Amino acid sequence: MKSLAVFLLICAPVLCSDDEFFLKESDDQVVLNAFKKAKQHRGLFLNALERMEAEDSKYNYYGAYLKFTEGETVEYLWLGDVQKYKDYYIGVIISEPRLLSDTKSGKTIGFKVSDIYDWQLTEKQSGNSLGAFLFCATSDAEYLKSSSFTCDL
């Protein structure tokens, strides 16, 4: 079986730079562990989305990391402005696709909970970000100490 390289943008959506990316194999253990942790804590993200319109909502940014496929090409991209819509969710692609030709930044798409591989919330008052597990798993520890990311939930 042919092993496909999976394109992973490893920057958090609030910090994304067009040049910060790397290629990883689809079975890379760091990636798999980050996605597993994001799934374990996904309830926090979903509960925050449910309370998005409430006056006492703690968050002002909601992002989701999804897998996109065109033929055999796979790329993971961040969506911003994520919100619940009817019985699914919608968001705007904020990553710049590098491998996909039919998927474009700025496009609004709908998705299911099961499509979320990673997620991020940003607190209104503190500016601290929760989630972004892949970013936390692949970033320099010193950088993370000085940033506004809360990597341990």
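In the hairpin formed by E3 and E4, 2 residues lie between the strands, and Gly71 adopts a positive phi near 65°. Helices (H or I, at least four residues) and strands (E, at least two) are DSSP runs, numbered from the N terminus. The structure is a predicted model, in which local features need pLDDT of at least 70, side-chain atom pairs count only at pLDDT 80 or more, and totals for chains, interfaces and linings use all residues. Residues are numbered from 1 along each chain as its sequence is written, and side-chain values use heavy atoms, with hydrogens and water left out.

The protein chain contains 4 helices and 9 strands. Along the sequence, these elements follow the pattern β-β-α-α-β-β-β-β-β-β-α-α-β. Of the 153 residues in the protein chain, 42% are buried (buried means under 20% relative accessible area, exposed over 50%, partly exposed in between, with a 1.4 Å probe and protein chains only). The accessible surface of the protein chain, from the Shrake-Rupley method with a 1.4 Å probe, comes to about 8500 Å², and carbon and sulfur atoms account for 48% of this area. Contacts were defined by heavy atoms within 4.5 Å. Among contacts in the protein chain between residues at least 6 apart in sequence, 50% join residues at least 24 apart.

Two strands pair if DSSP finds at least two bridges between them. E3 is joined to E7 by 7 bridges, and the two run antiparallel; Leu66 has Ile116 in E7 as its bridge partner. E3 also pairs with strand E4 (residues 73-85) in the antiparallel sense, over 7 bridges. In this pairing, Glu70 stands opposite Thr73 of E4. In a regular strand the side chains alternate between the two faces of the sheet.

The loop between strand E7 (116-123) and strand E8 (129-131) holds Gln125. Gln125 counts as exposed, at 83% relative accessibility. Although Gln125 and Tyr59 are 66 residues apart along the chain, their C-alpha atoms are separated by 8.2 Å.

Aromatic pairs were identified among rings of Phe, Tyr and Trp (its six-membered ring) with centres within 6.5 Å; planes under 30 degrees apart count as stacked, over 60 as edge-to-face and the rest as tilted. A search of the whole structure gives 12 such pairs. In one of them, the ring centres of Phe35 and Tyr117 are 5.2 Å apart and the planes stand at 65°, so the pair is edge-to-face. Because Phe35 lies in helix H1 (residues 29-40) and Tyr117 in strand E7, the pair ties together parts that are 82 residues apart in sequence. Phe35 is buried at 10% relative accessibility, whereas Tyr117 is partly exposed at 27%. Ring pairs link Phe35 and Tyr117 with Tyr65, Tyr76 and Trp78 in a cluster.

With a disulfide taken as a pair of cysteine sulfur atoms within 2.5 Å, the count comes to 1 disulfide. This bond joins Cys136 to Cys151, with an S to S distance of 2.0 Å. The torsion about the S-S bond is about -75°, so the disulfide is left-handed. Cys136 lies in helix H3 (residues 133-138) and Cys151 in the segment after strand E9 (149-150), so placed that the pair links distant parts of the chain, 15 residues apart. Cys136 is buried, with 13% relative accessibility, and Cys151 is buried too, with a relative accessible area of 17%.
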